[in-house]
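Welcome! Take a moment to look at the structure below, and then we will walk through it together, topic by topic.

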Amino acid sequence: MCIGALPTLSELAKWRTDMDKSCAMCGNPEETTRHIMVECPFAQQLWALSNIAWRWISPWHGGAAEWCLFVLQKLDRDSRQRFCMLAWKIWQHRCGKLMEGKEQN
Ligand SMILES: [Zn+2]
């Protein structure tokens, strides 16, 4: 994510213009890294359950790398681990739903 390499549907649609780039989780017209991690209601629900302060998660500064750095600088060690784990789980869940039709609790 931090090097801009997540194959989001918006990124893939740059190569395949006929591709549907709407969010698999909520139907938002464009699935970007920012949307997946911060704007999507699915991600917002998970962040709310994480006990990581939303005030550190919600502002998006520049690209994904800047966002990650900002958040990681604001969190203590335990919260940084939870942040990384949850970002990974959000991406993993999205991929499972999009590619395999899986829904996880
Ligand atoms: Zn969404």
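Let us begin with helix α5, whose buried residues pack against α2 (33-39), α3 (41-49), α4 (54-57) and α6 (77-100). Keep in mind that this is a predicted model.

**Helix α5**

- Helix α5 spans residues 64-74, and its buried residues are Ala64, Trp67, Cys68 and Val71.
- Looking down the axis of α5, you would find these buried residues within an arc of 95°, so they line one face of the helix.

**The zinc site**

- Which residues are the protein donors of the zinc ion? They are Cys23 and Cys26, each through SG, His35 through NE2, and Cys40 through SG.
- These donors lie 2.1 to 2.4 Å from the zinc ion.
- The angles among the four donor atoms run from 99 to 115°, and the site is tetrahedral.
- Along the sequence, the donor residues follow the spacing C-x2-C-x8-H-x4-C.

**The annotated domain**

- An unreviewed UniProt entry annotates residues 4-47 as "domain: Reverse transcriptase zinc-binding".
- Over residues 4-47, the chain is 41% helix and 0% strand.

Technical notes
Residues are numbered from 1 along each chain as its sequence is written. This is a predicted model: local features need pLDDT of at least 70, side-chain atom pairs count only at pLDDT 80 or more; totals for chains, interfaces and linings use all residues. Side-chain values use heavy atoms; hydrogens and water are left out. Donors are N, O and S atoms within 2.8 Å of the metal (3.2 Å for Na, K and Ca); water is not among the atoms, so sites may look incomplete. Four donors count as tetrahedral if all angles lie between 85 and 135 degrees; four count as square planar and six as octahedral if opposite donors are over 155 degrees apart and all others between 65 and 115; anything else is irregular. UniProt positions are given in the numbering used here, feature names are shortened, and annotations may be inferred rather than shown by experiment. Helices (H or I, at least four residues) and strands (E, at least two) are DSSP runs, numbered from the N terminus. Buried means under 20% relative accessible area, exposed over 50%, partly exposed in between (1.4 Å probe, protein chains only). The arc is that of the directions from the helix axis to the C-beta atoms. Contact means heavy atoms within 4.5 Å.
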